[in-house]
Amino acid sequence: MFQNRNTQDAEKQAQQTPEQLLTPPASLWRTTLKRFRRRLSGRLGLAIVAFVFLVAIFAPILAPYSPTEQLIGKENVKIREKPCIHLLGCPADKPQHWMGLDGNGRDNLSRIIYGAQISLMVGFFTVGISLFLGVLLGAIAGYWGGWLDNVIMRLMDVILGFPYLLLAIALVSISETRSIQNAMLAIAIVTMPSYARVIRASVLSVKEMDYVAASRALGASKLRILLTRVLPNAITPLIVLASMNVAGAILDAAALSFLGMGAQEPMPEWGQMLSRERAQVLSAPHGIFFPGLAIMITTLGFTLLGDGLRDALDPQLND
Amino acid sequence: MTQYLFRRILLSIPVLFGILTVTFFMTRMLGDPCKAILGEKATQEVCDRFIKDQGLDQPIYTQFVIYVKQIVSGNFGESIRLSRPVTTLLLERLPTTIELAMSALILAVIIGVPLGIAAALWHNSPVDILTTVGANIGVSMPVFWLGLLLAFTFAIALKDTPFQLPPAARISPGLQPVPFYEKWGWYVNPKDMDCPRNDTACVDEKSSWLREDSALFPLFQFIGYHYIFNSFITGDWKIFVDVVKHMILPAFTLATIPLSVVARMTRSSLLEVLGKDYVRTARAKGARELRVVSRHALRNALLPVATIIGLQLGALLSGAVLTETTFNLAGVGLTLTDAIKNRDFPIIQAFTVVIALGYMVVNLLVDVSYGFLDPRIRLD
């Protein structure tokens, strides 16, 4: 399946010398890695994502303050103090807050650094839940077929019939408490139909193949067939879809928090920080500038990484 | 073709019914609207009366039947919190979102397509690199952040320059657009009639053919609430300039993501087409480059672009929620978010149905348009 998709590789194989033909063919992962390294956008994305990961892991060391520490009264500062960097002309004897203070007198830089942990967690967990739910439902629908297939896939159609953000808002509203966990679950539910469709199509195309029939004849369980025969065939589009959706999940979770339906005070979540300082944008723009920039850079990193992965895994797929 | 349309419409009925059902039960799961609307201090007695007035004490299936009846009749009841008919709210607020989304889509196409073409024609040039980088940044930018930054830049940093733009609302306070049907004398506002109270004869005499109780009146109102369109056709240039100015920032904000997607798609699709044999043939027979690009390449390259524009509509509606919140525009998105927060059931139910319906109709139109754009595709 993988080989015949990529005609370029097939051509290359045809031109190989006899000695080369004796060596085992390059594995999927190796060719992918090779193609991935050729693309600048993928490398750039990987660098940005790695940077955000490092910031998240070393947050306690990097952050000059605790993300929840209120500095009013402890230092000679006022709320929403403007950024102060000595190199850029701010007096050295003033407390150095590179990104200024927020409305509660907390250091913005420290909050943004700790926010990286939350954003990464949101991105990966949301996609993880979504992938799990989507694969499960799609596999059931494709495998059992019949009325179950109809019910599940029509339900997916209904989910896709709503604009996703509105549905996510409604789902979050069902629960009394607003939290980042609920926002993540809502986004996962809203995005699962795409995984379900991919996996269902894949199950349907593989179900009647001889090797699946052979496995069944050998007495393999449905779960085993699903995991060892069906999933590997759908892994490429799933990886591509999932890697692209990490960026979307981060952006959507930030949007929900911005609307007050996600992370709550005092959690240093970027969207929530932006939302809190929103009313003061005209007098203290630094309060919204840096959290938004952080969201953008992280999302950009994952978008580029996803693009690079897609190009590397499946050169035939279009934009 | 007719058969295809018929089948598509038939197929969408169960999905639409599913959307109705999901919406209904989800609104009932949002919890007690009493506390949300009357406040935490509302006593049990007050709440009981409120629940009874709203018909929420009836069995859930009775409520569902009432709800379906409302949808079929087009009468969605009254908003619990705003105490106004939901239909009136819809007529008033849907046009804001439509004008916002249309402006954004137009911006996305008239900027995105030429950028994509330029990037493909001058492949690997600075134009190409800038477009690609810009498109990637565009899809990664939080809509609400860009909106706030634009609001700050154009309302504060550029204050008292010719570039100053309003950061919120749809029209400057004090300006009242006159609907086209009133301006053209199709309808006379009862306020302008100077009739004594309850003097129906006088009202009858001064009324024009269009009256408030006419079946078509809501349609006229709906069209009239499209402020940009209305002020344009009535030639009210002062209001036209004002509403367009109010729309620039939100439209640009909402347009970033579709613009980036359209530019990227145009670029990659044109690049692919330029490598095709028929382009080589065109060049070989001596056609000029402009003709090769415009006649042979672009026509084929823009087909996937049309597809992607259609697919952007869902994202556009989600983006509209954020844009309307950021710029405080009372459109469908902002109204619906507020209604969900306040458990204003009638608004949630009505607005969701209208959005879902509109969504479906647009998707259908997009599918049908393929047949016209590409005669090779036959819908059957």
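Here is a short chat about a predicted model with a chain A and a chain B.

Me: Okay, new to this one. What does chain A have in the way of helices and strands?

Reply: Chain A has 14 helices and 0 strands. Keep in mind that the model is predicted.

Me: What box do the C-alpha atoms of chain A fill?

Reply: Roughly 75 × 55 × 30 Å, taken along the principal axes.

Me: Which elements of chain A give two or more residues to the side that touches chain B?

Reply: Those are α8 (146-161), α9, α12 (222-258) and α14 (286-313) of chain A. The largest share comes from α14(A), with 11 residues. By class, that side of chain A has 29 nonpolar, 6 polar and 5 charged residues.

Me: Switching topic: how many cavities of 30 Å³ or more does the structure hold?

Reply: It holds 3 of them. The largest cavity has about 130 Å³ of space.

Me: And which residues lie nearest the centre of the largest cavity?

Reply: A:Phe162, A:Ala170, B:Met26, B:Ile348 and B:Thr352, out of 14 lining residues. So you can look for residues of chain A and chain B in that lining.

Me: Which helices supply at least two residues of that lining each?

Reply: From chain A, α9 (164-174) does. From chain B, α1 (2-29), α15 (332-342) and α16 (345-373) do. By class, the lining of the largest cavity has 11 nonpolar and 3 polar residues, with no charged residues.

Me: Back to salt bridges. What's the count over all chains?

Reply: The count comes to 21 salt bridges over all chains. One pair to look at is A:Glu81 and A:Lys94, whose side chains meet at 2.8 Å, N to O. Both A:Glu81 and A:Lys94 are in the loop between α6 (59-62) and α7 (108-144) of chain A, 13 residues apart.

Me: Last topic, the backbone. Is the peptide bond from A:Glu265 to A:Pro266 cis or trans?

Reply: That bond is cis, with omega near -5°. A:Pro266 is in the loop between α12 and α13 (270-277) of chain A. For background, most peptide bonds are trans.

Me: What about B:Asn124, is its phi positive or negative?

Reply: Phi of B:Asn124 is positive, near 65°, and this residue is not a glycine. Most residues other than glycine have a negative phi. You'll find B:Asn124 in the loop between α5 (86-121) and α6 (126-140) of chain B.

Conventions. Residues numbered from 1 in each chain as written. Chains lettered and ligands numbered in written order. Predicted model: local features only at pLDDT ≥ 70, side-chain atom pairs only at ≥ 80, totals over all residues. Heavy atoms only, no water. 1 Å grid on protein atoms, 1.4 Å probe; cavity = no way out; pocket = protein on both sides within 12 Å on 5 of 7 lines; lining within 4 Å. Points joined across faces, edges and corners; volume = space filled by probe spheres on them. Helix = DSSP H or I, 4+ residues; strand = E, 2+ residues; numbered from the N terminus. Nonpolar A, V, L, I, M, F, W, Y, C, P; charged D, E, K, R; others polar. Contact = heavy atoms within 4.5 Å. Salt bridge = Lys/Arg side-chain N within 4 Å of Asp/Glu carboxyl O.
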